[in-house]
Amino acid sequence: MSTHQNPSPDPEVEGTGAYTWTGKSRRWFLKHLPPDKLLPEDQPSYVASWAYVFGMGAVAGLIFIIASGVVLSLNGPQWYHVSSLGHFTNSVHLWSVELFFMFLVVHLWIKFWMAAWRGGRVLTWITGMVAFLVSVITAFTGYLLQTNFDSQWIAFQAKDALNAVGVGAWFNVANLGQIFMWHIMLLPLAVGAVVALHVVLVRAHGVVPPLDAAETDAQLRDATTGGTDTEVKQP
Amino acid sequence: MTRIPSPMSWRKGDNIAGRPWRGRVRDYDLFKELTIGLVVVGLLVIGLSAIFSSPDDPGVTLKSWATAAPSDFVATATAELGGTSDTAGYGPPYNATPDATQKLGFIDLQALSGVRLPIDTANDFVINPLKTLPSPPPALAVWAAATADQQAKWAADYTTALAAAPNGDPAHVAGGNYGPVPALTLALLAMAGNGNLDGVLQNGGQPYNLDYTPTILFLGDGGYFPNLATTAHLTGDQWGVMNETGNTPGQSWLWLFSFFYQIQPFKSSPNADILVVSVMLLLSLALTVLPFIPGLRSIPRKIPVHRLIWKDYYGQR
């Protein structure tokens, strides 16, 4: 019978009690994503602009897209043609997509003018762009699922671009079964995963400071000299 | 010597952008902001849905086509029989028509994908559906007994005769030897007119089928379906890729994709689709990796839109 021995401590994680994969993962997450970073109660003083609402607007739009999409898919593709509630749900799905893209594109351009990739935030930019591109493909498959004249014509016209790049058999725009699978499963999973990663990265790295911000700026100097401000609080 | 990264660099350097913020902070409530966002966007969505609704123009069936434009239907069925329709000459993934693929230089992805969704227009669109009728037309046996050259000649002669007839009306075609083609196409017209062809063409004899490829391709080979799309401003040369039926906004985010189809050299190129898709992939990739591209990543500094975005910050310097 062997006696239990504590494993030798890993120098990397000494003092943390973490020597398993799970423990090391927990330590990594707590280091990079501490709870006060994930769910912050304050933000740098410069995070005060109308420009910051568009990212949250896109997230809100996405939530309405998913909710209305779940209702539509649970009732099947024919429901919205014959039910007034179904038609309204279809309208909610359409208009949340339109708003989602409007917010997303404005958000993207504002982040460009902010050069928001600075200071180690490049993956946040890349995941944002990937979220946009995957959303474009997802929306396209939604237009193919309308099961009406518009979707028939889009299928006829769009097949050429997909066939020209050699993917027309696996992404067959006239095959409702395939497109249904792409639209309600694979692509939403991809959009959800990329958007979740994007939001976590925003929290992990924090909001990028203004271009040309300098140590001599009042907002920074006050923090080091202990100056007070009635409108903004000290960290 | 340590190289100091440019202030526009994506690298994490020892500067304000790379360090945790140590200046003043303001109160921020993430969940409150999300809730406000949901309420505002929710009201907008419900308001827009209630006011503008969403379009739902009924789809086209082979029955509605045969009823509304019988001459066009017969002319298209003749082209399918003779192998001269767009689908018959499309190439992969539907058939192996030589030199039909779109190429990007020497790269031919369309040919590489192979004939994955095989379609023989004469048999799949005309002959096989007619065989499912309770009393198949005797003309089927005449067609089957003829050589391929004879079949092609009958179909070509009938196509010419239809084009010369007033309004392309099969009832006023000049006399000639068209073999079984008029009987076959008129039988198919009757089959479509009473609604049988839609089911047969789409389900291929199976009880379950969600694949509308044959129906969509057959419709597209005619003139009726594309004419409806032109009237609804949906065709490619009308920026149709980003349009929706009626006045509802469609996929406006595809504006750049649609734009390239309107200009040369794409507009008149036989390889337009592969060229436009390639350009869009390149541009999308460039925007994705823009932080790594010197020059482009410095544009935000040269055109100071950020002064507007962070107006309060700069005002308090």
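**Entry 1: confidence**

pLDDT is the predictor's confidence in each residue, from 0 to 100. I start there, as this is a predicted model. Chain A averages a pLDDT of 88, and 87% of its residues score at least 70. For chain B the mean is 92, with 98% of residues at 70 or more. For the complex, I note an ipTM of 0.92 and a pTM of 0.90 from the predictor.

Where does pLDDT stay under 50 in chain A? I find that stretch at residues 226-235 of chain A. The model has 13 contacts there beyond four places in sequence. Where pLDDT is low, predicted coordinates should not be read in detail. I leave that stretch alone.

**Entry 2: chain A as a whole**

I list the elements next. Chain A has nine helices and one strand. From the N terminus on, the order is α-α-β-α-α-α-α-α-α-α. Of the 235 residues in chain A, 43% are buried. I also looked at contacts with a separation of 6 or more in chain A: 66% of them join residues 24 or more positions apart.

I then checked the record. An unreviewed UniProt entry annotates residues 25-211 of chain A as "domain: Cytochrome b/b6 N-terminal region profile". Over residues 25-211, chain A is 74% helix and 2% strand. The end C-alpha atoms of that stretch are 35 Å apart.

**Entry 3: where the chains meet**

I turn to the interface. In chain A, 90 residues are in contact with 79 residues of chain B. Which elements give two or more residues to the side of chain A that touches chain B? I find β1 (42-44), α3 (53-75), α5 (84-113), α6 (122-144), α7 (149-164), α8 (176-205) and α9 (218-225) of chain A. The most comes from α5(A), with 15 residues. I sorted that side of chain A by class: 55 nonpolar, 25 polar and 10 charged residues.

The strand in that list needs a closer look. Three bridges join β1(A) to β1 (residues 25-27) of chain B. The two strands run antiparallel. I picked out one pair: Asp42(A) has Asp27(B) in β1(B) as its bridge partner.

**Entry 4: two helices**

I took α5(A) first. It has 30 residues and reaches 44 Å from its first C-alpha to its last. That is close to the 44 Å expected at 1.5 Å a residue. Ala115(A) follows α5(A) and has a positive phi, near 50°.

Then I took α1 (residues 30-52) of chain B. Does its span agree or disagree with its residue count? At 1.5 Å a residue, its 23 residues should span 33 Å; the end C-alpha atoms of α1(B) are 32 Å apart, so the two agree. Just after α1(B), Ser53(B) takes a positive phi of about 55°.

Which residues of α1(B) are buried? I find Gly37(B), Val41(B), Val45(B) and Ser49(B). An α-helix has 3.6 residues a turn, so residues three or four places apart point the same way. What covers the buried residues of α1(B) includes α3 and α5 of chain A.

Most residues other than glycine have a negative phi, and most peptide bonds are trans. I searched for exceptions.

Thr147(A) is one of them, with a positive phi near 45°. I place Thr147(A) in the loop between α6 and α7 of chain A. Is Thr147(A) buried, exposed or partly exposed? I counted 17 other C-beta atoms within 10 Å, so Thr147(A) is partly exposed; a buried residue would need 20 or more.

His233(B) is not a glycine, yet has a positive phi of about 45°. I find His233(B) in the loop between α11 (224-231) and α12 of chain B. With 13 other C-beta atoms within 10 Å, His233(B) is partly exposed, because exposed would take 12 or fewer.

Now the peptide bonds. The bond from Pro92(B) to Pro93(B) is cis, with omega near 10°. Pro93(B) sits in the loop between α3 (70-82) and α4 (109-113) of chain B. The bond from Gln264(B) to Pro265(B) is cis too, with omega near 5°. I place Pro265(B) in the loop between α12 (255-260) and α13 (272-288) of chain B.

Note on methods:
Residues are numbered from 1 along each chain as its sequence is written. Chains are lettered from A and ligands numbered from 1 in the order in which they are written. This is a predicted model: local features need pLDDT of at least 70, side-chain atom pairs count only at pLDDT 80 or more; totals for chains, interfaces and linings use all residues. Two residues are in contact if their C-beta atoms, placed from the backbone, lie within 7 Å. Helices (H or I, at least four residues) and strands (E, at least two) are DSSP runs, numbered from the N terminus. Ala, Val, Leu, Ile, Met, Phe, Trp, Tyr, Cys and Pro count as nonpolar, Asp, Glu, Lys and Arg as charged, and the others, Gly among them, as polar. Two strands pair if DSSP finds at least two bridges between them. The expected span of a helix is 1.5 Å times one less than its number of residues. UniProt positions are given in the numbering used here, feature names are shortened, and annotations may be inferred rather than shown by experiment.
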